Amino acid sequence: MDELQNLDLEQFLRTRGVSEEIISKFKSENIDIVAVQVMHEDEFKELIPKSGDRAALKEFSRRKLAPRKQSLIEKLKDKIAKANNTNLAQTPTLKHKRKATRVVQVGWMNFNEQNKKFQQVRLNKGGGTRSISVDRDCQVKMILEKAIEIFFPNGISPSGPVNSFEFKLLDFKQHEIDHNMRIQDMFEVTGLSKLRFYLASTSSKIWCSSTNNNIPSSSLPITVGKLKIQGSF
């Protein structure tokens with residue numbers, strides 16, 4: 001059988017004494033060695049009446065296809081091996097590479113005098129949620145400064161000018177944050193992949209009236225430049 005593998009399908013059929021009529025049908029129906037392997041047995045019997053010829057043709061087709069299958073398998077193995085080698089080569093570099101910046105989300109909450117609580121400012125009112133990129137080693141107070149710049153561009157917002165408010169920064173639980181804490185430390189402590197902060201603003205008029213109610217000094221606003229920022233640094 002090995003010497004027959006150099007023959008094509010038509011030549012092999014002739015060595016088996018298959019009639020020219022059947023060989024012509026193979027050509028007209030585009031029956032090749034792949035079709036022989038998947039052809040239904042009843043159809044195969046009708047095409048090749050003798051069982052010996054059918055068995056020989058099946059084996060011939062299988063052997064002809066074997067190198068093609070092996071070639072595809074080898075190509076796949078080579079591709080996988082190359083991919084693995086590339087990953088191994090890159091692993092040390094990626095392992096020690098550290099992001100210099102982190103992305104955090106910032107929203108704006110303004111104190112509602114009627115409800116006596118902070119309420120989130122919607123996007124159409126100049127608020128919404130914004131994503132900003134900051135140095136991983138910067139302090140939280142940098143987020144506060146950036147948030148004021150975002151929600152009060154050029155010192156103005158739909159709710160009024162920046163110098164009409166006092167500000168503080170809240171975490172995702174709406175708790176006040178130590179302004180000296182590093183951003184990366186917060187990621188590590190919380191275990192979160194994304195951090196959300198809130199710029200909490202209070203109207204200067206509301207704040208002035210509240211200071212008459214014995215508010216602790218630690219919550220009093222601190223002046224930074226022309227802005228008053230609540231909390232301790």
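Modeller: One term before we start: two residues are in contact when they have heavy atoms within 4.5 Å of each other. Keep in mind, too, that this is a predicted model.

Of the elements, β1 gives the most, with three residues.

Let's move on to Q184, which sits in helix α7 (residues 183–190). Is Q184 buried or exposed? Its relative accessible area is 7%, and because the cut-off for buried is under 20%, Q184 counts as buried. Setting aside neighbours within four places in sequence, Q184 is in contact with R102 and R136.

You'll find K50 in the loop between α4 (41–47) and α5 (51–96). With a relative accessible area of 58%, K50 is exposed. K50 also has V18 at 9.5 Å in space, C-alpha to C-alpha, although the two are 32 residues apart in sequence.

Stepping back to the whole protein, the secondary structure comes to eight helices and nine strands. Of the 233 residues, 32% count as buried. The protein exposes about 15000 Å², and carbon and sulfur atoms supply 50% of that. If you take the contacts with a separation of 6 or more, 62% are between residues 24 or more positions apart.

Finally, a word on confidence. The mean pLDDT of the protein is 79, and 74% of the residues reach 70 or more. Helix α2 (residues 20–28) has the highest confidence, at a mean of 92, while strand β8 (residues 221–224) has the lowest, at 40. The pLDDT is below 50 over residues 214–226, and this stretch has 26 contacts in the model beyond near neighbours in sequence.

Notes: Residues numbered from 1 in each chain as written. Predicted model: local features only at pLDDT ≥ 70, side-chain atom pairs only at ≥ 80, totals over all residues. Heavy atoms only, no water. Helix = DSSP H or I, 4+ residues; strand = E, 2+ residues; numbered from the N terminus. pLDDT = per-residue confidence, 0-100. Buried < 20%, exposed > 50% of the residue type's maximum accessible area, 1.4 Å probe, protein only. Areas by Shrake-Rupley, 256 points an atom, 1.4 Å probe, with all protein chains shown as cover.
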